[in-house]
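Welcome, and thanks for taking a look at this one. Please open the model and keep it beside the text as you read.

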Amino acid sequence: MALLAQQIPRWLNSIKLSSFLTAMQLRKCFPRAGKTLLPGFFAQPQLSSDDCFLRSGFKTYWTSSVWNSSQSTNSSSQEIKCAQNTLLPSVNEPSQKIPSFDSELSLEGLDDLPPLSPLQPISEEEAVQIIADPALPPSSFTLRDYVDHSETLKKLVLLGVDLSKIEKHPDAANLLLRLDFEKDIKQILLFLKDLGIEDNQLGTFLTKNYAIFSEDLENLKTRVAYLLSKNFSKVDIAQMVRNAPFLLSFSVERLDNRLGFFQKELELSVKKTRDLVIRLPRLLTGSLEPVKENMKVYRLELGFKHNEIQHMITKIPKMLTASKRKVTETFDYVHNVMCIPHHIIVKFPQVFNSRLFKVKERHLFLAYLGRAQYDPGKPNYISLDKLVSVPDEIFCEEMAKASVQDFEKFLKTL
């Protein structure tokens with residue numbers, strides 16, 4: 001009985017060991033989710049001597065234990081030896097068969113196994129092998145978070161597109177994220193290159209007119225064909241598109257109305273109208289209100305005649321879109337302070353395209369030297385065109401007949 005009492009704890013420990021080994025073998029054969037096995041890998045279960053003992057059956061161990069307890073007259077060494085012999089399976093009694101994956105553990109039997117819990121703890125080695133992709137943000141204030149996930153955005157960046165300017169317009173950012181580069185963008189890029197837009201100009205163009213990707217390619221070709229029918233050359237069209245990226249986003253009807261407006265309002269010939277919009281294509285894409293306002297200012301407030309206005313705007317088209325305040329301040333200083341009459345201003349309208357403080361500085365210096373003469377009919381007159389266009393060195397040498405240092409010292413006194 002003393003020997004039986006000593007073996008019962010061993011038996012209980014052996015049962016726990018058997019359960020642990022069986023669970024470990026199943027986990028080796030069926031790896032946890034997220035862990036990939038190498039091709040051809042197969043974990044064949046190996047049974048230790050302790051496991052063979054456990055699989056010999058509870059009945060054999062119980063019989064051997066009772067028999068060992070009844071042999072009280074034998075010596076302790078013989079009892080231990082006899083007990084060890086009886087622990088092994090009998091020759092006549094068939095031993096319990098060890099299950100193998102090829103026979104008893106079929107795929108149908110695996111369905112009965114409980115699924116692995118996602119909350120089940122894993123080892124550090126298994127945790128290191130799990131690779132999780134960064135989550136894509138559902139919303140963001142910047143396109144930077146989506147560049148790594150979008151091939152379209154990556155290629156646009158390589159073309160030189162400034163996404164930091166586009167992302168200020170949420171609708172534009174959503175448009176680019178939905179587009180496929182091969183299906184939606186590539187054909188537009190080929191069209192622009194065929195039109196004459198160089199590779200180093202595509203980035204700037206697309207940054208300004210990203211909405212061209214939402215245009216139908218056939219509509220774009222139709223608008224180019226319309227401009228060609230109006231005797232705009234392909235070189236002229238490419239120049240207009242570079243300077244006014246939104247030009248091709250206007251329908252044929254709108255382009256035709258704009259050309260008709262300038263031809264009728266300014267009473268220009270077809271050729272002069274075409275030359276005007278080639279030099280300033282923004283006239284076809286911008287608002288017409290500043291143009292109408294400036295035409296009234298030149299005629300009613302500044303006192304220019306219609307033919308004088310025609311002459312000035314064909315030489316300086318920006319006069320049509322210039323700020324009303326700048327136009328009136330410049331005219332007031334040139335006409336009332338410098339005492340230059342209308343007919344001379346009409347010959348040199350570049351004065352409206354220059355900075356007023358430069359005109360003031362140079363006129364005051366010439367007046368200080370006694371050389372402020374702008375009448376072409378008098379000797380040593382100063383051309384109004386050169387007054388506002390040449391650099392300081394030429395102005396001082398040819399017009400003021402002074403050094404640049406003298407001019408700089410005079411400016412400090414102002």
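The largest nonpolar core holds 49 residues, and Phe304, Met338, Phe352 and Phe395 are the ones that touch the most other members. Bear in mind that this is a predicted model. Leaving aside residues up to four places away in sequence, Phe395 touches Arg362, Phe365, Leu366, Leu387, Val390, Ala400 and Phe407. There is also a second, separate core of 41 residues, which includes Leu195, Phe213, Ala244 and Leu284. As a general background, nonpolar side chains tend to be buried together in soluble globular proteins.

Next, have a look at helix α13, which covers residues 217–229. From first C-alpha to last, α13 reaches 19 Å, close to the 18 Å expected for its 13 residues at 1.5 Å a residue. After the helix comes Asn231, with a positive phi near 70 degrees.

Which residues of α13 are buried? They are Leu217, Leu220, Arg223, Val224, Tyr226 and Leu227. These buried residues pack against three helices: α11 (181–195), α14 (234–243) and α15 (252–265).

Finally, the cysteines. A search of the whole structure turns up zero disulfides.

| Residue | Relative accessible area | State |
|---|---|---|
| Cys339 | 59% | exposed |
| Cys396 | 0% | buried |

Cys339 counts as exposed because its relative accessible area of 59% is over the 50% cut-off. Cys396 counts as buried because its value of 0% is under 20%.

Technical notes
Residues are numbered from 1 along each chain as its sequence is written. This is a predicted model: local features need pLDDT of at least 70, side-chain atom pairs count only at pLDDT 80 or more; totals for chains, interfaces and linings use all residues. Side-chain values use heavy atoms; hydrogens and water are left out. A nonpolar core is a set of buried Ala, Val, Leu, Ile, Met, Phe, Trp, Tyr and Cys residues joined through side-chain atoms within 4.5 Å. Buried means under 20% relative accessible area, exposed over 50%, partly exposed in between (1.4 Å probe, protein chains only). Contact means heavy atoms within 4.5 Å. Helices (H or I, at least four residues) and strands (E, at least two) are DSSP runs, numbered from the N terminus. The expected span of a helix is 1.5 Å times one less than its number of residues. A disulfide is a pair of cysteine sulfur atoms within 2.5 Å.
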